[in-house]
Amino acid sequence: MGGETRTQRGPRSDYPLQAPKPVGQLIHNIYKDRISQFYSGGQYEHQNLRAMMNEAVVSGEPHVQLFVWHAPDQTRPTFKNATSQEFTKTKVGEWFGPSWTTHWFRVILKVPEELQDKRLLELHWDGNNEGMVWNEDGHPLQGLTGGGERVEWILPDSFRDGKEHTIYIEMACNGMFGNAPGGDSIQPPDPNKYFRLDRAEIVAVDPDARQLYIDIWIIGDAAREFPQDSWEQHKALKTCNEIIEAFEVGNRDSLKTCRKIAEEYLGSNVDSAKVYESGKEPLVFGIGHCHIDSCWLWPFAETKRKVARSWSSQCDLMDRYPELNFACSQAQQYKWLKQLYPSVFERVKKKVAEGRFHPIGGSWVEHDTNMPSGESLVRQFLYGQRFYESNFGRRCQTFWLPDTFGYSSQLPQLCRLAGMTRFLTQKLSWNNINRFPHTTFNWVALDGTQVICHMPPAETYTAEAHFGDVKRSMSQHKSLDQDATSLLVFGKGDGGGGPTWQQIEKLRRCRGISDTVGLLPRVHMGNSVDDFFDKLERKADSFVTWYGELYFELHRGTYTTQAKNKRDNRRSEIVLRDLELLATIASIKDKSYKYPKKEIDDMWELVLLCQFHDCLPGSSIEMAYRESDEMYSQVFKTAASVLEDISKVLGFSQVQTTTVADGAALNTLPWHRKEVIDISENEAAVACGHGPLLKLRTLKMSEDMPLVSLSQASKNVFVLENDQLRVRVEAGAITSLYDRTAEREIIPKGQKANQYVIFDDKPLYWQAWDVEVYHLDTRKPLQSGETEIHEVKKHRASLITKTKISEKSSIETIITLTAALPGQQSHVEISSTVVWHETMKFLKVEFPVDIRNTEASYETQFGIVRRPTHYNTSWDMAKFEVCSHRFADLSEHSYGVSILNDSKYGFATAGNVMRLSLLRSPKAPDAHADMGTHHIRWAIFPHQGALSHVTVRKAAEFNSPLKLASAAAAAPLADLSSPPVYLTPDSSEALVLDTVKRGEDDEDVSRGELPVKKGRSVILRIYDSLGGRARGTVVTTWGVAKVSKVNLLEDELEEVALAEGGRFAVDLRPFEVATYKLQLA
């Protein structure tokens, strides 16, 4: 352009006049295919790099002596117990089993003189199953995976003395993914699987060969995956072929030559963490992770060992790789480690203190978020954060749920209330209908609360740290216009394991390529997840937003599979809520009664564990459900014992029969109730009031005007009627439901409600998990048999119908109408007993209603989610099966119908047809899932007006029926006929006082995990249930000195004005969850 000084170089003086030989262009596909031959097994493995990997190998006696003890049955004995047994001689080539058994090996190693000065000595042990290396003093050292993965254990330098040294190896007869037969890991486990010990040898590894293997692996990936029109790809291909040409079998100096060639592409620092010190700005941040399913294709009992194996391996890797930072979640797993493997726990604590091992997630387990109640989600955070704080001195900032099957709309609010501002997942990358549009965004809850959400664009939480994983961290990033950085979560997972040395070495080379050649996004190691989110938080104001639930367009069958497990979950949540309320009242009434904190903690921890995302959803093997059955049994047993103690303090007892004069009804819900309750086989009374014990009143009735009637209109046609509803039942189905008060027919003409329908249920692959949209095309109504009169009493009438499903399965259904009480909306209750022995079928019950709305409402945690009833778009159609808690509702402006249930979570509303999912019958991974007899209750609840507090309360009442009680004296009945804490009648009816419990760290309650707080306190949790500004007043008869608004962890946020008479105001945003601490005087 002017002004430049150009330097001209002269021609080469030695450039030949004539071409000495023909030189051809590299044929890309051939030269690319050649690369993998250089390091792969097969016909060339004795002539390629594999032939040079080891300098020497010794096995057998006297260098490797093997002795074994077989643990009986499926026991998992401790080190002390196992090593005190009598061991017998064994050898490589022997088979061990069957599935789930344990075998302990005493391994005596003696390094021969010719190996003692070798650069790297390892024990290579491959039993084709999982194992743990222990030292002679009983400390776990490192996990083993088997089948060619993580089979190396580095011998300590002290073993290089030519003397015998003893270690122990604990062999678990299961693979990393359980014991499935063949190659399909989700099939039910083979109970008779045996494992061959293939290798037990001392190996002198050639470090140059090992490093060259990683070099050419990664450069080869660049040759395969970089665009062919880039010079970076051509250079990678050329470098690989130069390495191959320079290699000579048997010449170890050639390995160094090959590595020197690799340096031209990788840079000179890939053999150490210095590679990350170039000062250049990275975009991809690698974090080691080890996702361990607390149960899945293995039982809970095996997970406890997986944790020790995996985390001891990671501590070992951290000692060798200073850049490795490792994040792992699930407080329950840390507690198992602390209880069962204290030396490993101390090793982990040391790494946590160093800032290398990062407890993350803030929850007790990586739980399902669709089905647990709101209070269960709170307790996941409460128990998780308290464990982390008491054991590691700090709480988590990031909620971590990479593998859960959809995310509740209230999670951002609960996260913030638990001290977390960030959330990581990636599961929505599995959507099989629509592609989720964001990588990094602000996720907004029902109440408007937000958290920063990041979904790693590599779209996995178990990345192998391949070249392609780093590349996809940019190419699949969907938020580049806001922020181009991402997390790469790498390490063996699901069955545990975590990062391997190979993965860490690969990332070093990926960084080397970025700094030396370019084109690959620059990856960095050495930071934590919190470091990554800290940077995002600074610019989060500009991020896009996503409002409401993160609905997962897959695994919709998990709302239904394993019905008993889901029923036990619902039941246990209710039991714990009741116990905490009553125990709080008892501990304040009688100071000699100690609030049963240990028992409550033990029960909650079991319930929270069973909410793990492969347990509650129904996607684990049969063994896991035997364990969860035992856990729930323990919960209910403990609950009964605690309730018995409470009853003595409060002066009541539960009874089966009583009289109006002597009886009462036990109530644990926080509003006025008025219900009919049976007091004997043929008598009923009205329970009325709003305290823990409701007084009984005589149910007024006359012979001339029965409260409920049952008549037969014709053969197999019956009519049930009370003051509010008239129900016509034909052949077991409801053909008319007429609201006498509203003068409105609810069932469309010619249609049938409470109609059982069955569907073929063969998903594309994930049997227990999925129900696909095409199952709707296979709908088949079930024809019922004859209907008969089941019961006719003055206060209740019912019909019974038997329905044949197949030769092996049937349903017995009881439709009941109870007397209507003034001021109380009546409902039709249905109870069914299903004998279920089907294969790949899905049973549902339908309710066509004469209601029109493009959205239906479903109860979720602390609120309501509205979802489409149409299929306008693929996003709408994707929600053909959704999660619902105690009710689903379809309403117009002035009228609606709610379907209540006592134990179900799957639901759908298509047009005007409401459909409750009852039972599935998948055959993998549990071949017997849901087989047997099931008892299920639901109800049709028509209501005037749109969805309101009437449905919210009726659904809670349906799940918490009144229990008949007897007061020991008049005083307890008088004391408990009014609640000690309640919302005043003029408060918003949308407010729900959901939880009453004692403060975690009260001096008379604390178990000492965290500092004790003086005095006594009561915690109240209140939420708005309908989605509007909700104001009210709380009144308590307890002497209160101070009221504070607190977070879920019971940290005080602000003081609340306390008025005379123990009153204070509440003012909540739509769907806000508020927690208050009442400091007692």
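Student: What percentage of the residues in the protein are buried, and what makes a residue count as such?
Tutor: In this predicted model, buried residues make up 62% of the 1081 residues, the label being given to a residue with under 20% relative accessible area.

Student: Why does the radius of gyration of the protein agree with a compact globule?
Tutor: For 1081 residues the globule rule leads one to expect a value near 31 Å, and because the protein has 33 Å, the two agree. The C-alpha atoms, taken along the principal axes, fill a box of roughly 120 × 70 × 70 Å.

Student: What makes a set of residues a nonpolar core, and which members of the largest one touch the most others?
Tutor: Members must be buried residues of the nonpolar kinds listed for a core, joined through side-chain atoms within 4.5 Å; the largest such set has 206 residues, of which Trp311, Tyr334, Phe357, Ile513 and Tyr1076 touch the most other members. Helix 16, spanning residues 622-650, gives the most to this core, with 13 residues. Apart from it lies another core, of 53 residues, including Leu710 and Tyr905.

Student: How do you know what Ile513 is in contact with, beyond its neighbours within four places in sequence?
Tutor: Contact requires heavy atoms within 4.5 Å, and the residues in contact with Ile513 on that basis include Ile218, Phe226, Tyr265 and Phe467.

Student: What share of the contacts between residues at least 6 apart in sequence joins residues at least 24 apart?
Tutor: That share is 74% in the protein, which has 19 helices and 56 strands.

Definitions and conventions: Residues numbered from 1 in each chain as written. Predicted model: local features only at pLDDT ≥ 70, side-chain atom pairs only at ≥ 80, totals over all residues. Heavy atoms only, no water. Buried < 20%, exposed > 50% of the residue type's maximum accessible area, 1.4 Å probe, protein only. Helix = DSSP H or I, 4+ residues; strand = E, 2+ residues; numbered from the N terminus. Rg over C-alpha atoms; globule rule 2.2 N^0.38 Å.
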